[in-house]
Amino acid sequence: MYPKVQLTVSIPVRMRDGSVRTFIGYRVQHSNARGPYKGGIRYYPTTDLDEVTALAMLMTYKCAVVDLPYGGAKGGVACNPKELTRDELERLTRRYTYMIYDIIGPYKDIPAPDVYTDAQVMAWIMDTYSQLAGRQTPEVVTGKPVALGGSEGREEATGLGTAIGLREAAKALNMGIKGLRVAVEGFGNVGSYAAMYLHEWGAKVVAVSDSKGGVYNPEGLNVPKLIEHKKRTGTVLGFEGAKEITDEELLHLDVDALVPAAVEGTINARTVHDVKAKIVSEGANGPVTSDADRVLSEKGVFVVPDILANAGGVTVSYFEWVQNLKREKWTKEEVLAKMEAKLVRAFHDVLNTSRRYAVSSRMGAMCLAVERVCEAIKLLNIWP
Ligand code: NAD
């Protein structure tokens with residue numbers, strides 16, 4: 001219930017016109033009972049201490065579900081990066097890193113990208129930390145560019161993990177993946193890779209959508225061609241041989257499985273009643289609201305909860321950290337195979353826990369995570 005550390009810092013930045021603007025930044029460390037704190041940093045105008053604290057707690061449980069040797073943390077700066085120049089963004093990032101320098105570190109707290117921060121921002125954090133520490137320290141952040149110690153496989157990790165969650169759920173329900181009819185909401189990093197792997201494994205991806213709308217073909221979409229089309233035109237709309245549908249129509253299609261991989265709350269009290277899918281694999285964070293979750297549960301829908309279904313990203317972040325500490329470089333195949341093994345195991349741990357307590361898989365994932373954190377806290381005891 002109580003985060004261990006909540007740090008609020010002010011970040012003065014010299015702006016392009018010579019003026020100085022002060023931004024407010026946060027780093028919240030929720031729990032390090034199971035290992036060093038781990039969690040992303042977001043740059044977003046409305047980011048505040050409450051939001052960062054809630055997200056830090058979720059990281060504790062996400063890492064525990066996948067059994068990574070990490071606790072949970074989150075950071076953020078209230079700013080609109082779209083209004084900042086690259087130089088301003090660099091100065092903001094470096095000053096923020098300087099302000100949180102004492103509480104982060106490869107064995108203390110390892111940041112990563114989140115909303116509107118990317119590999120370049122991680123490179124600046126790494127360089128600032130390394131210069132202050134007096135030694136190159138790539139293992140202080142993950143999600144770095146591959147040229148600076150980032151891991152192969154990070155780009156496809158989350159989407160592949162979401163597809164693995166769906167595949168395992170289909171197996172558990174004796175449905176199998178071949179010919180499974182799937183609709184994917186959101187066709188960005190997570191959605192497009194999830195769709196690509198599902199297509200590769202023989203599932204029929206019949207519909208996908210992005211913020212402009214969706215496309216549908218009951219015979220199945222050619223996902224590699226659709227990815228090319230999206231790259232070329234910036235949207236999935238206008239794809240040859242597919243009918244255009246709205247995002248809501250996509251959610252209500254007669255499919256076996258849904259992959260919400262766009263934004264939070266799209267499956268809500270209004271949209272949930274007409275959902276026909278039997279499996280939902282949550283690529284996005286919080287795509288199902290809590291009232292909608294009750295409806296899905298009543299309908300007997302199998303939900304692969306977000307803290308499991310999108311944990312592929314943090315799992316590969318962990319592998320990046322391990323590679324950096326050992327000064328090794330693994331191939332993409334190695335990284336993704338290790339990730340798959342971890343996620344499949346976590347899936348079955350969650351399934352067993354939800355059966356043991358006779359609860360939904362979402363509640364099962366939470367029970368498993370809380371149990372693991374509690375066990376560590378009890379073993380550590382309170383000191384001093
Ligand atoms: P992204 O920006 O690459 O893609 C988001 C996609 O959703 C875009 O195609 C966008 O057009 C679409 N979209 C936005 N609003 C929509 C709407 N109302 N209806 C349909 N489509 C809509 O982002 P991403 O990295 O793929 O992240 C997607 C979700 O997954 C987010 O909730 C994110 O927090 C979560 N997530 C991502 C990662 C990761 O490694 N990228 C890890 C964990 C969780």
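A residue counts as exposed when its relative accessible area is over 50%. N174 has 73% relative accessibility, so N174 is exposed. That is a value from a predicted model, as are all the others in this report.

Most residues other than glycine have a negative phi, and most peptide bonds are trans.

N174 is one of them. Its phi is positive, near 55 degrees, and the residue is not a glycine. N174 sits in the loop between α4 and β6 (181-185).

N381 is another. Its phi is about 65 degrees, again positive in a residue that is not a glycine. N381 belongs to the segment after α12. Its relative accessible area is 60%, so N381 is exposed.

W383 and P384 are joined in cis, with omega about -5 degrees. P384 also lies in the segment after α12.

## Aromatic pairs and charges over rings

How many aromatic pairs does the whole structure hold? A search finds 9. Two of them are set out below.

| Ring pair | Distance between centres | Angle between planes | Class |
|---|---|---|---|
| Y197 and W201 | 6.2 Å | 40 degrees | tilted |
| Y318 and W321 | 6.3 Å | 40 degrees | tilted |

W201 has 19% relative accessibility. The cut-off for buried is under 20%, so W201 counts as buried too. W201 also has a charged neighbour: R167 lies over the face of W201, 4.8 Å from the ring centre.

Y318 and W321 are both buried. Ring pairs extend this group into a cluster of Y70, Y318, F319, W321 and W330. K338 lies over the face of W330, at 4.6 Å from the ring centre.

Helix α10 spans residues 312-326 and includes T315. Is T315 buried or exposed? Its relative accessibility is 0%, so T315 counts as buried. Leaving aside residues up to four places away in sequence, T315 touches V66, L68, M339, K342 and L343.

## The cavity

The structure holds 1 cavity of 30 Å³ or more. The space in the largest cavity is about 30 Å³. Its lining is made up of G161, I164, G165, L308, L343 and F347. Two elements, α4 (154-172) and α11 (332-356), each give two or more residues to that lining. Helix α4 supplies the largest share, 3 residues. By class, the cavity lining has 4 nonpolar residues, 2 polar residues and no charged residues.

## The second largest pocket

This pocket is an open space. What is its volume? The second largest pocket has about 380 Å³ of space. It is lined by 16 residues, of which K4, S31, N32, A33 and I377 are the closest to the centre. Strand β2 (20-31) and helix α12 (361-380) each supply at least two lining residues. Helix α12 gives the most, with 5 residues. The lining of this pocket divides into 11 nonpolar, 4 polar and 1 charged.

## L132 in α3

Helix α3 covers residues 119-133, and L132 lies in it. L132 has 40% relative accessibility, so it counts as partly exposed. Apart from residues up to four places away in sequence, L132 touches Y98 and Y101. E248 is 116 residues from L132 in sequence, and the two are 50 Å apart in space, C-alpha to C-alpha.

How values were computed: Residues numbered from 1 in each chain as written. Predicted model: local features only at pLDDT ≥ 70, side-chain atom pairs only at ≥ 80, totals over all residues. Heavy atoms only, no water. 1 Å grid on protein atoms, 1.4 Å probe; cavity = no way out; pocket = protein on both sides within 12 Å on 5 of 7 lines; lining within 4 Å. Points joined across faces, edges and corners; volume = space filled by probe spheres on them. Helix = DSSP H or I, 4+ residues; strand = E, 2+ residues; numbered from the N terminus. Nonpolar A, V, L, I, M, F, W, Y, C, P; charged D, E, K, R; others polar. Buried < 20%, exposed > 50% of the residue type's maximum accessible area, 1.4 Å probe, protein only. Contact = heavy atoms within 4.5 Å. Phe/Tyr/Trp six-rings, centres within 6.5 Å; stacked < 30°, edge-to-face > 60°. Lys NZ or Arg CZ within 6 Å of the ring centre and 35° of its normal.
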